[in-house]
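Hello,

Here is the structure I promised to pass on. Please have a look when you get a moment; my notes follow below.

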Amino acid sequence: MSKNVKKYDNESITQLKGADRVRLRPSVIFGSDDLTGCQHSIFEIISNSIDEAREGHGARIEITRHEDGSITNVDYGRGIPVDYNTLEKKYNWELVFCELYAGGKYNNNDSANYQFSLGLNGLGLCSAQYASRYMDVKIYRDGFEYSLYFERGENVGGLKKEIATENRTGTIIRWLPDDEVFKDIAVPLEYFQDMLKKQAIVNDGLVFVLHDEESGEEFTYCYENGINDYIAELTQGGSMTEPVRFAHEAKGRDREDLADYQLKFALTFCFDNNVNLLQYFHNSSFLEYGGSPDRAVKSAFLAAVDGHIKNAGLYKKDEKKITFTDIEDSLVLISNSFSTVTSYENQTKKAINNKFIQEAMTDFLKKQLAVYFIESKAEADKIVAQVLVNKRSRETAEKTRLSVKKKLTGGMDFTNRTEKFVNCRTKDITRRELYIVEGDSALGACKLGRDAEFQAIMPVRGKILNCLKADYNKIFANDIITDLIRVLGCGVEVNSKHNKDLNSFDMDKLNWAKVIICTDADVDGFQIRTLILTMLYRLMPALITEKKVFIAESPLYEITTGKQTLFAYSDVEKNAIVKKIKGKYHIQRSKGLGENEPDMMWQTTMNPATRKLVQVLPEDIDETRLMFEVLLGDNIKGRKEFIERNGHRYMDMVDVV
């Protein structure tokens, strides 16, 4: 045996005591020792104030996010009892702030105090105190002001009790999470905003006021009618179906030999074509992972909608049945349940696993939905029709995804898989340029006129598909578009909820430093250029926002004087050149790209020293989006009105015979 091996005997077993139970193992209590754990410790303090308000004590909670990272929580509840406890033979402040598993919520199943409570384990306030660099407490109760101060889990100075100078009750706690406990304590403003808004949604009429010292801003969150007001805000009052609220109370047990407990829950739902949302709360705590309520909702809604489809004979022959995903795509639902006994999956309260809650909610929802689908046939028909659309869109999108998966992959191995594409030699992405040119004739001229070291050519055969009008299935069936996608290499950005699995965009996989659109300077050339830009805007807008897209300007005029040929890119430029010429000259409209000599192509369009590139900038993206949708979208009436108002401005671009 090695002499360096330590002994393992009776004295090897040690016990963490006092604050070390939390400070050395914060993950056990808060789920992690990083920013997420720190945020949970903050919620533990605020949740106590919410419990007080839910019991009818105080209708306002104020939170301040201080510049130094500390937080102040003010409530107007009854104030934490801190005087001597004859039953426990200790001061209550010691029990509440310094003892794990001590609190006033253990008898909630048969007590009037905190029957439905966010905190049930007696860990929150004590564990947050232990995990703080300091905690400063003021409590107003029974006409007295009580003061307590703690540093890194240890009380300093005991309990101070004075006659209150303010006529109020409640608790004020200021504390700073300790960076010796958590790896990160820089809790962003967004966490407070999101958490307080969620609590306002499920606590009708409770006012949360957030002061942010860093920005100097103040935010107020309150929903007088709770979930119903929030859903109206979310759908902007334009949902496909009217919001429906179900509420129920029940009593039961998780196992035959256990005691009964109380359950009550309410949920509101509607169907919407533009937004979808599933959120679950239990005793007002947001259940990020759902658990029992989530399983109940999925089971009940799937059974109800599938049953209605079958009864109406709306499934096609041999068609697969719907999944909950097809319902979820258009479902907006928020559930808030309460129970006197709660089995959280862990202390962080992100899911519950009560068997009785799941069974009771499932049974009630199935019955209520069956009645709803019968009594509200018009609404039910709209729901079922939309769910079937979602289902068939999902199935079509999956087929499309599988069929185009290879087409959407880039890398440097696309040369032999893309018809008429001409690659460049360098593998240095920072130098590589892709010219997207108009037709095979332009391909020849550009190929001979380019610098083959860093300039590649991709010809577009004819006018490509209008990507604003076409659906994704048609877009990805188009060989010209999929060839371009393959050559670009970065994949596509797909934000449609029915086609989100097609999203494969990765800017790091873009094969080019510059993507240059090069078309003739005539009406057909402008249209092809616009269609290419439309494709990039629809499928990979990040190329525009990241300033990767350019337009190569082709000269409008060739001006010959003696042995010299000059090029003008506009009428203004042509006139300026002519004024400077002394002697005879000849002007002609430039030929199409395919008719140009290679030397001319190099000089006017491809030579970095002499060419004119117009960068497509993201600053005008909103105006660009509007113009694309007016001129190339489905709004025919809007397009006609635009042309009637503005058409005269573009008459000089049309060849007049």
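With which side chain does the side chain of Asp483 make a polar contact? The partner is the side chain of Arg486, at 2.9 Å. Please keep in mind that this is a predicted model.

Some more on that aspartate: Asp483 sits in helix α14, which covers residues 479–488. Asp483 counts as buried because its relative accessible area is 8%, under the 20% cut-off. Setting aside neighbours within four places in sequence, Asp483 is in contact with Thr418, Glu419, Met458 and Arg461.

Now to the strands. Strand β10 (residues 207–212) runs parallel to strand β1 (residues 60–65), and six bridges join the two. Thr64 has His211 of β10 as its bridge partner. β10 also pairs with strand β11 (residues 217–221), this time in the antiparallel sense and over five bridges. There, Asp212 is bridged to Glu217 of β11. β10 and β11 form a hairpin with four residues between the strands, where Gly216 takes a positive phi near 80 degrees.

Finally, the largest nonpolar core. This core has 62 residues, and Ile63, Phe97 and Phe208 are the ones that touch the most other members. Helix α6 (residues 189–202) contributes the most to this core, with eight residues. As for Phe208, its contacts beyond four places in sequence include Ile61 and Ile63, as well as Leu196 and Ala200. Phe219 and Tyr221 are also among the contacts of Phe208.

Happy browsing, and best wishes

Methods. Residues are numbered from 1 along each chain as its sequence is written. This is a predicted model: local features need pLDDT of at least 70, side-chain atom pairs count only at pLDDT 80 or more; totals for chains, interfaces and linings use all residues. Side-chain values use heavy atoms; hydrogens and water are left out. Two strands pair if DSSP finds at least two bridges between them. Buried means under 20% relative accessible area, exposed over 50%, partly exposed in between (1.4 Å probe, protein chains only). A polar contact is a pair of N or O atoms within 3.5 Å; within protein, one must be able to donate a hydrogen and the other to accept it, and residues adjacent in sequence count only if both atoms are side-chain atoms. Contact means heavy atoms within 4.5 Å. A nonpolar core is a set of buried Ala, Val, Leu, Ile, Met, Phe, Trp, Tyr and Cys residues joined through side-chain atoms within 4.5 Å.
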